[in-house]
Amino acid sequence: MKNSDEVLSVLQAVLAACSPEQEFAANVGLVAQGLGSLAATRFALEAQARLGVAVPVGALGSGLSLEALAQQLYVQLAQQPAAAPAAERLAPATGWPLLPLQQAFLVTSDADFTADPAGCHLYREVDVSPHDEAALACAWRQLVAHHTVLSAVVAPDGALEPGPAPVLQVEHVPAAGHADAVLARRAAWHARPARTPGALLRVALVLSPGQATLQLSVDGLLLDGHGLMLLLDQWRMLADDPAAMLPAPQCTLADCLARLAQPYPPAARAHWRQVLATAPAGPFGEHA
């Protein structure tokens with residue numbers, strides 16, 4: 001790109017494809033002109049793929065115009081070697097870049113984009129009465145040490161970066177107050193202000209004579225449903241046997257994200273083309 005005007009032309013073309021029913025002025029904030037969270041996420045990801053530099057989707061919600069964004073991205077492009085691989089150019093200085101689905105979760109939790117900043121929130125309660133406090137606390141520390149992502153926080157550039165280890169909160173209450181204590185924390189953790197990006201993971205143990213309830217509040221930026229079930233299964237395994245060994249991951253989070261940022265291998269494309277060739281067409285017609 002020779003100048004920011006060329007970057008602006010690319011951004012305008014991408015925006016027109018993402019939101020074809022509306023025209024946007026280049027010198028006015030996009031969200032102020034009606035750009036919604038879904039279109040903003042798609043725009044950021046498409047522009048990132050076209051230009052090869054990270055596009056700060058969160059900045060769009062703070063009033064960034066197309067002209068200002070084009071100038072920022074042009075500076076980034078000018079400072080980077082032209083031969084740098086795309087995965088390297090898109091990587092943040094520290095931590096891990098967000099996948100497209102994580103970008104969508106982050107944007108839909110931003111009050112600048114929507115009146116209902118829900119994001120993706122997972123909440124679970126589990127009766128862990130057979131286990132004692134010491135065993136559960138020890139197992140939690142082992143889990144956090146084993147899974148680096150459990151300590152991740154949202155960095156200023158919108159990526160995930162290592163943060164302080166989440167602490168298991170322990171609350172001792174009388175038997176008559178057990179249900180009320182669980183209910184109060186459930187309501188607090190479901191409240192919007194307690195969610196992204198303030199606390200991606202919260203965990204608490206409510207104890208009373210004969211009762212133990214585990215409460216988990218997890219943001220979708222960290223774990224999906226399968227990851228949450230894996231976390232609970234491994235926690236139970238370690239609580240049952242502190243000497244148990246968790247299986248080593250097949251690849252680190254950083255390795256996985258680096259692979260996803262690269263072009264799909266031809267063998268993988270061929271495999272899925274073969275799978276889709278015999279799959280039902282679904283409600284929207286033929287497969288792309």
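User: Two strands pair if DSSP finds at least two bridges between them. With that settled, which residue of β6 stands opposite L207?
Analyst: It is A212. This is a predicted model, so the positions come from a prediction. β5 and β6 pair in the antiparallel sense, over eight bridges.

User: What do β5 and β6 form, and how many residues are between them?
Analyst: They form a hairpin with two residues between the strands. G210 is in the turn and has a positive phi of about 85°.

User: Which residue stands opposite D219 of β6?
Analyst: H121 does. As for strands, β1, residues 121–127, also pairs with β6, in the antiparallel sense over seven bridges.

User: New topic. How many residues are in the largest nonpolar core?
Analyst: The largest nonpolar core has 37 residues. Those with the most contacts inside this core are W140, V218, L222 and W235. The elements giving two or more residues to the core are α6 (100–107), α7 (133–146), β5 (201–208), β6 (211–219) and α9 (225–240).

User: And which residues are in contact with L222, leaving aside neighbours within four places in sequence?
Analyst: L222 is in contact with V149, L150, A152, L160, L200 and L201. There is also a second, separate core of 27 residues, which includes L15, F24, L35 and V55.

User: Back to the tryptophans. W140 and W235: buried or exposed?
Analyst: W140 has 2% relative accessibility and W235 has 3%, and the cut-off for buried is under 20%, so both count as buried.

User: How many aromatic pairs does the count come to?
Analyst: The count comes to one aromatic pair. W140 and W235 make this pair, with ring centres 4.8 Å apart.

User: Why is that pair called tilted?
Analyst: The planes are at 40°. Planes under 30 degrees apart count as stacked and over 60 as edge-to-face, so an angle in the remaining range counts as tilted.

User: Where in the chain are these two rings?
Analyst: W140 is in helix α7 and W235 is in helix α9, 95 residues apart, so the pair links distant parts of the chain.

User: Last one. Where does the charged end of R185 sit?
Analyst: The charged end of R185 sits over the ring of W189, 5.7 Å from the ring centre.

Methods. Residues are numbered from 1 along each chain as its sequence is written. This is a predicted model: local features need pLDDT of at least 70, side-chain atom pairs count only at pLDDT 80 or more; totals for chains, interfaces and linings use all residues. Side-chain values use heavy atoms; hydrogens and water are left out. A nonpolar core is a set of buried Ala, Val, Leu, Ile, Met, Phe, Trp, Tyr and Cys residues joined through side-chain atoms within 4.5 Å. Buried means under 20% relative accessible area, exposed over 50%, partly exposed in between (1.4 Å probe, protein chains only). Helices (H or I, at least four residues) and strands (E, at least two) are DSSP runs, numbered from the N terminus. Contact means heavy atoms within 4.5 Å. Rings of Phe, Tyr and Trp (its six-membered ring) pair if their centres lie within 6.5 Å; planes under 30 degrees apart count as stacked, over 60 as edge-to-face and the rest as tilted. A charge sits over a ring if NZ of Lys or CZ of Arg is within 6 Å of the ring centre and within 35 degrees of the ring normal.
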